[in-house]
Amino acid sequence: MAEAHVKNHDYHLVDPSPWPFVGSISAFVTAVGAIMWMKTLAIGGLHAGPVLFGAGFIGILYTMFSWWGDVINEAEYKHDHTRVVQLSHRYGMIMFIASEVMFFVAWFWAYFDASLFANEAKQFARFEFTGGHWPPKGIEVFNPFHLPLLNTLILLTSGTTVTWAHHALLHNDRNGLKWGLILTVILGALFSVVQGYEYAHAHFAFKGSIYGSTFFMATGFHGFHVLIGTIFLLVCLIRALRGHFSPKQHLGFEFAAWYWHFVDVVWLFLFVAIYLWGSNWGAAAGVAAAH
């Protein structure tokens, strides 16, 4: 009977898991709570939107923690991640990053549509808001060679440190892996702090300006991805300190490094398109960049 349960293939037959169901219910509760909160809807006179949103969000976090914990156990202790399974996971991560690329394409599309056609005669409302110029009249944009350049250097440096950590792991240098991850996490957190300071000193708001909406949507979502990537790498650091990962099996860290390099590349496009070109540094239109 024992021989009937011996694994004789390279595929991973996943054990029954409650997390897809729990995660979908939590996401539904979060969405309902968010809608009720934003629309100030009440049930029996009780504004339950914030409560539903909070409960659903906690459920999502719990699902993520538990589900990914199961995946770590499958990889580290059950040894279910064979070479075939790892290949499938890599395909999945590549498709996920591709979907994220298209996500940012939408924000770049919105930005360039508004900036390249600021004086489009058919877009009456846009012309009214922009005055036919980009940046729009009255918008005092950031100096690209101040905080944006600093954050560019921070992210580029973090790309170097995460590559160092990856290279160290491949050569079984545990000390280099740990210090490379520590420095990357610190640099990621520093980027978020600098961006938060930049936002706090912005001379334009999200609402009431087509420049502000496109700027904050593009750079803000990138900042959110930096935060997620920093948490991703922090989890990898904790796992590395616990002795996880080996030169031949380290998908969790490999995917975190892929994600971080993706974040770096997106920022370079944002810096060139929005901070440099969009600040009138290299284009002929609008108000001089000053901050």
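Me: In this predicted model, which residue forms a salt bridge with Glu 76, and how many residues apart in sequence are the parts that the pair ties together?
Reply: In this predicted model, the partner of Glu 76 in the salt bridge is Arg 239, with the closest N and O atoms 3.1 Å apart. Glu 76 lies in helix H2 whereas Arg 239 lies in helix H7 (residues 210-241), so the pair ties together parts of the chain whose separation in sequence is 163 residues.

Me: Are Glu 76 and Arg 239 buried or exposed?
Reply: A residue counts as buried when its relative accessible area is under 20% and as exposed when that area is over 50%. By that criterion Glu 76 and Arg 239 fall in one class, and that class is buried.

Me: How many salt bridges does a search of the whole structure find?
Reply: One of the salt bridges joins Glu 76 to Arg 239, and another joins Glu 254 to Arg 90, with the closest N and O atoms 3.0 Å apart. A search of the whole structure puts the number of salt bridges at three.

Me: With which residue does Asp 15 form a salt bridge, and in which loop does that partner lie?
Reply: The side chain of Asp 15 meets that of Lys 78 in a salt bridge, at 3.5 Å from N to O. The two residues are 63 apart and link distant parts of the chain, Asp 15 being in the segment before H1 and Lys 78 in the loop between H2 and helix H3 (83-116). Asp 15 itself counts as partly exposed, at 47% relative accessibility. The partner is therefore named, by the salt bridge criterion of a nitrogen within 4 Å of a carboxyl oxygen, as Lys 78, in the loop between H2 and H3.

Me: Which helices are linked by the salt bridge between Glu 254 and Arg 90?
Reply: In the salt bridge of Glu 254 with Arg 90, the closest N and O atoms are 3.0 Å apart. The pair links distant parts of the chain, 164 residues apart, with Glu 254 placed in helix H8 (residues 251-276) and Arg 90 in helix H3. Glu 254 is buried, with a relative accessible area of 10%, while Arg 90 counts as partly exposed at 23%. The helices linked are H8 and H3.

Me: What span should helix H1 have at 1.5 Å a residue?
Reply: UniProt, in an unreviewed entry, lists residues 19-38 among those annotated "transmembrane region", and this span of the model is 100% helix and 0% strand. The end C-alpha atoms of H1 are 28 Å apart, which agrees with what its 20 residues should span at 1.5 Å a residue, namely 28 Å.

Me: Why can the buried residues of H1 be said to line one face of the helix, and against which helix do they pack?
Reply: The buried residues of H1 include Trp 19, Gly 23, Ser 26, Thr 30 and Gly 33. Seen down the axis of H1, the buried residues fall within an arc of 165 degrees, so they line one face of the helix. On the face turned away from this buried side, H1 carries the exposed residues Phe 21 and Phe 28. The buried residues, for their part, pack against helix H2 (49-76).

Me: What is the geometry of the aromatic pair formed by Phe 96 and Tyr 259?
Reply: A search of the whole structure finds 31 aromatic pairs. For Phe 96 and Tyr 259 the rings lie 6.4 Å apart, centre to centre, with 15 degrees between the planes. The pair links distant parts of the chain, Phe 96 in helix H3 and Tyr 259 in helix H8, 163 residues apart. Planes under 30 degrees apart count as stacked, and the pair is accordingly stacked.

Definitions and conventions:
Residues are numbered from 1 along each chain as its sequence is written. This is a predicted model: local features need pLDDT of at least 70, side-chain atom pairs count only at pLDDT 80 or more; totals for chains, interfaces and linings use all residues. Side-chain values use heavy atoms; hydrogens and water are left out. UniProt positions are given in the numbering used here, feature names are shortened, and annotations may be inferred rather than shown by experiment. Helices (H or I, at least four residues) and strands (E, at least two) are DSSP runs, numbered from the N terminus. The expected span of a helix is 1.5 Å times one less than its number of residues. Buried means under 20% relative accessible area, exposed over 50%, partly exposed in between (1.4 Å probe, protein chains only). The arc is that of the directions from the helix axis to the C-beta atoms. Contact means heavy atoms within 4.5 Å. Rings of Phe, Tyr and Trp (its six-membered ring) pair if their centres lie within 6.5 Å; planes under 30 degrees apart count as stacked, over 60 as edge-to-face and the rest as tilted.
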